[in-house]
Amino acid sequence: MSNFNGYLLEANLIGGQWVGADSGATTEITNPATGAVLGTVPEVGGAETERAIAAASAAFKSWSKTNLMERVGLLHKLHDALMDHQEDLAQLLTAEQGKPLFEARGEIAIGAAYVRWFAEEIRRNKGEIIPAPTNDKRLLVTHHPVGVVGMITPWNFPSSMLARKIAPALAAGCTVVAKPAPQTPYSGLAWGKLCQDVGFPDGVVNIVTGDAPAIGGAIMANKDVRKVTFTGSTGVGKLLLRQAADQVKKVSMELGGNAPFIVFDDADLDAAVEGAMIAKFRNMGQTCVCTNRFYVQAGIHDAFVAKLKEAIAAMKVGDGTEDGVVQGPLIDENAVKKVEGMIADAKAKGGEIVLGGARHALGQTFFEPTLITGATSEMSFSTDEIFGPLAAIYKFEDEEDAVAAANATDYGLAAYAYTKDLARAFRMNETLEYGMVGVNSGLITTVEAPFGGVKESGMGKEGGSQGLDDYLITKYTCVAGL
Ligand code: ADP
């Protein structure tokens, strides 16, 4: 399985050709669970990116005019190819990213589901005929593909983050220049092979790896790229927004989060703990919708902490390919250092480490799943994203205080609340300043629903019927003199 049945590709896809960097430079990619080198990828820069954009731009001329059912048919084939090769792709994903294999299989499946969803949604992307103010006119509203789309994606969902961008772009008739994250390029490059294998024309999908500022800079500076979609840190997102301003490029941004998870006294305790485990520890806590802050009401606090501790202690940590493992390694040393720093900060400010708190005996970047109580608003995870397996518990008395604390952040991606009170459930919908709210659910992402944040968590939606909007322009035509 050393090349994962041909899905580990050590080249970039530009205009239908698999190529290296002009300089011949490559970067080694390692498996975070073992430290073993998986292979290399080209280290490309601005010049290769320019060629990828030129290829996408040339392909857009014909691709944007293909029959709808041709695009739909290819997308259905792409869905099937993803599922036919789910196991190879999942093994590859775990090897470069570290998540447990069952989660990697799930990621490939949800990626495929996004492809199918957008193949279906584009058929229902209706325009409008608006009643005109006078009889001699007809007012039409139509949708058209935006053009070449630049895509920059992170390492935490190296396959499905691309799915949510590539699928609606191709459905809409756009062409693509994608840059996967440097830690996890192979899952991204595999999309190139899959698209090629099922018959997408050369140049429709281009994938480059290497120098992020150079590739990003070329994408942002090129007028042929009419839209940029980014998932990653708020810092890089803001940089890209500034760069986009020069050409008023259309942008969508899925940035950081700082998700609160509120457990009210009237919650179903077992359900809350089950939801908490998913919302906190999926992908070792490395998702932008992962819980950052647990607010637990005084009456249920001790029982919730006791049960959560039991559930955390039961998790098996190890190489994601091993049976029964639910927690793999963190992505890299920086991730470990960040969590260590947050734990030290919490300890110094009076937090109690109930469980874990240190690197795992397995070495590499494995970290002990950690539980801290007595969290306060002074601690660093109150404002900063943890992105690791650390659950911090804040105790509260009143609903109003909990909601105010939950909203006291610059972020606004996902929030969770557990309660059996129906009126309170609707108050959560109305008062939590977040793009997504899970009431009695710790896992809310699904292809049918619009994923996306408010405030500094970003703009634009992925998935749902709204997920197509970012890849289309809306045109109004007035036909007069009738
Ligand atoms: P993280 O901290 O989770 O790695 P980043 O925002 O740094 O998040 O990375 C997300 C994506 O943004 C990656 O593909 C990364 O290579 C890319 N990236 C980082 N810096 C830049 C930049 N200056 N221009 C364009 N892309 C960038």
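The shell around the ligand comprises eight nonpolar, four polar and one charged residues, where Ala, Val, Leu, Ile, Met, Phe, Trp, Tyr, Cys and Pro count as nonpolar, Asp, Glu, Lys and Arg as charged, and the others, Gly among them, as polar. The structure is a predicted model, in which local features need pLDDT of at least 70, side-chain atom pairs count only at pLDDT 80 or more, and totals for chains, interfaces and linings use all residues. Residues are numbered from 1 along each chain as its sequence is written.

**Ligand shell**

- The ligand is surrounded by 13 residues, and the closest are A212, G216, G232, S233 and V236; a residue is near a molecule or strand if its C-beta atom, placed from the backbone, lies within 6 Å of it.
- Helix 7 (212-221) and helix 8 (234-245) each contribute at least two residues to this shell; helices (H or I, at least four residues) and strands (E, at least two) are DSSP runs, numbered from the N terminus.
- Helix 7 gives the most to the shell, with three residues.

**Annotated site and annotated domain**

- In an unreviewed entry, UniProt lists E254 for "active site"; UniProt positions are given in the numbering used here, feature names are shortened, and annotations may be inferred rather than shown by experiment.
- E254 belongs to strand 11 (residues 250-254).
- With 27 other C-beta atoms within 10 Å, E254 is buried; the class of buried residues requires 20 or more other C-beta atoms within 10 Å of the residue's own, exposed residues have 12 or fewer, partly exposed ones fall in between, and C-beta atoms are placed from the backbone.
- Apart from its neighbours within four places in sequence, E254 is in contact with T231, C288, G452, G458 and E462; two residues are in contact if their C-beta atoms, placed from the backbone, lie within 7 Å.
- Over residues 18-475, the chain is 40% helix and 20% strand, and the end C-alpha atoms are 37 Å apart.

**Domain arrangement**

- The protein is divided into domain 1 (4-255 + 457-478) and domain 2 (259-439), with bounds that come from an automatic or database domain assignment.
- The C-alpha centres of domain 1 and domain 2 lie 31 Å apart.
- The contact between them takes 17 residues from domain 1 and 20 residues from domain 2.
- On the side of domain 1 that touches domain 2, helix 3 and helix 4 each supply at least two residues.
- The largest share of that side of domain 1, three residues, comes from helix 4.
- By class, the residues of the side of domain 1 that touches domain 2 divide into six nonpolar, eight polar and three charged.

**Helix 3**

- Helix 3 (residues 86-97) has twelve residues and should span 16 Å at 1.5 Å a residue, which agrees with its end C-alpha atoms being 16 Å apart; the expected span of a helix is 1.5 Å times one less than its number of residues.
- Helix 3 is mostly covered, since nine of its twelve residues are buried.
- The buried residues of helix 3 are L89, A90, Q91, L92, L93, T94, A95, E96 and Q97.
- The elements that cover these buried residues include strand 3 (26-30), strand 4 (37-42), helix 2 (68-84), helix 4 (101-121) and helix 6 (185-198).
- Just after helix 3, G98 takes a positive phi of about 105°.

- Most residues other than glycine have a negative phi.
- N5, which is not a glycine, has a positive phi of about 50°.
- N5 lies in the segment before strand 1 (12-14) and is partly exposed, with 13 other C-beta atoms within 10 Å.
- Q364, a residue other than glycine, has a positive phi near 45°.
- Q364 is placed in the loop between strand 14 and strand 15 (370-373), and Q364 counts as buried with 21 C-beta neighbours inside 10 Å.

**Further positions**

- I353 is located in strand 14 (residues 352-355) and is partly exposed, with 17 other C-beta atoms within 10 Å.
- Leaving aside neighbours within four places in sequence, I353 is in contact with K347, T370 and I372.
- The C-alpha atoms of I353 and F4 are separated by 41 Å, the two residues being 349 residues apart along the chain.
- D268 sits in the loop between strand 12 (259-263) and helix 9 (269-281), and D268 counts as partly exposed with 14 C-beta neighbours inside 10 Å.
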